[in-house]
Amino acid sequence: DVAENALMKMLVDNNSVHGTAIIMETATGKIKAIANLGKQPDGTYLEDLNYGIAKATEPGSVFKLATLLSLLEDNYVTNNSIVDCEGGTKSFYGLRIKDSHLGTNNITVKEAFFTSSNVAFAKLAEQYYHSEPTKFTDHLQKFRLNKMTGIEIVASSGKPTIKTTANRSWSKTTLPYMAHGYEELVTPLHMLMLYNAVANNGKMMQPYLVNSVRDYGVDIKRIEPIVLVEKICSDATI
């Protein structure tokens, strides 16, 4: 109820088309609550689809965490490295990437993450991974962003897509676009698993909904937490 009310307020305030709110227990991966709401033709919101689990979409800016983890893990940047946002707009091979806040120039990587600069993360990915893009996509695969989450509810529409150089649609603009959350498809639950792993000191847990299966009040099966990745990256990066 709390999750759904919080989600409803956010959707109404932003006139959103749809949204999800998922609460995960950090140490175990247990889903404590999930709310999904979609806007109806009459302007009201109803639970019409499980967007959190069954809707793989371009994640946008929340994906920058994956890019930052990769850059830090490869020792290409630190929190204090400087990146020029070039006023908040830059063209990459004829396609323009823009920040919502124009006018920014030299800032630290930490500030770029805090202000969610599209230009900064597109530039950093292009600068450091252009000649070896598989180094970047290997990180994304280690974060399991290319695999089904493993939760009990299975939906083919929740299948993720993380491009590699083997994809026919891979182009010069793919890297800078992937870096800030486009040209890939993941569910909100995938992103929650990654953020939760950071909160959990690098340990990625499999999300689950059911504590136990009971027969007349007696447990006949207990569901135990499952560790998917013991350490997604180094302690220093975390």
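Phe92 sits across from Leu95 of strand β6. That pair belongs to a model that is predicted, with local features needing pLDDT of at least 70, side-chain atom pairs counting only at pLDDT 80 or more, and totals for chains, interfaces and linings using all residues. Numbering starts from 1 along each chain as its sequence is written, and side-chain values use heavy atoms, with hydrogens and water left out. Helices (H or I, at least four residues) and strands (E, at least two) are DSSP runs, numbered from the N terminus.

**Strands and sheet**

- β5 (residues 89-92) and β6 (residues 95-98) run antiparallel, joined by four bridges; strands pair here if DSSP finds at least two bridges between them.
- Ser91 faces Arg96 in β6.
- The two strands β5 and β6 make a hairpin with two residues between them, and Tyr93 in the turn shows a positive phi of about 55 degrees.
- Elsewhere, an open sheet of three strands runs in the order β1-β2-β3, with antiparallel pairing.
- β1 and β3 (45-46) are the edges of that sheet, each with a single partner strand, so one side of each has no neighbour in the sheet.
- Two bridges hold the antiparallel pairing of β2 (residues 31-39) with β3, and Lys39 is opposite Tyr45 of β3.

- For background, most residues other than glycine have a negative phi.

- Leu124 is part of helix α5 (residues 118-129).
- Its 3% relative accessibility is why Leu124 counts as buried (buried means under 20% relative accessible area, exposed over 50%, partly exposed in between, using a 1.4 Å probe and protein chains only).
- Leaving out residues up to four places away in sequence, Leu124 touches Leu71, Val77, Val83 and Val109, where contact means heavy atoms within 4.5 Å.
- Asp84 is 40 residues from Leu124 in sequence, yet the C-alpha to C-alpha distance is 9.8 Å.

**Two histidines**

- His139 belongs to helix α6 and is buried, with a relative accessible area of 12%.
- Beyond residues up to four places away in sequence, His139 touches Ser70, Glu73, Asp74 and Tyr129.
- His130 is in the loop between α5 and α6, and at 41% relative accessibility His130 counts as partly exposed.
- Setting aside neighbours within four places in sequence, His130 is in contact with Tyr93, Ala125 and Leu175.

**Cysteines**

- A disulfide is a covalent bond between the sulfur atoms of two cysteines.
- With a disulfide taken as a pair of cysteine sulfur atoms within 2.5 Å, the count is zero.
- Cys85 is buried at a relative accessible area of 0%, and Cys233 is buried at 5%.

**The largest pocket**

- The largest pocket holds about 240 Å³ of space.
- Grid points are joined across faces, edges and corners, and the volume is the space filled by probe spheres set on the points.
- Lining the largest pocket are 13 residues, of which Thr20, Thr57, Pro59, Thr187 and Pro188 are the closest to its centre.
- Both β1 (18-24) and α8 (188-199) contribute at least two residues to the lining of the largest pocket.
- By type, that lining splits into seven nonpolar, five polar and one charged (Ala, Val, Leu, Ile, Met, Phe, Trp, Tyr, Cys and Pro count as nonpolar, Asp, Glu, Lys and Arg as charged, and the others, Gly among them, as polar).

Conventions: On a 1 Å grid over the protein atoms alone, a cavity is a set of points where a 1.4 Å probe fits but cannot get out, and a pocket is an open set with protein on both sides within 12 Å along at least five of seven lines; lining residues have an atom within 4 Å of a point.
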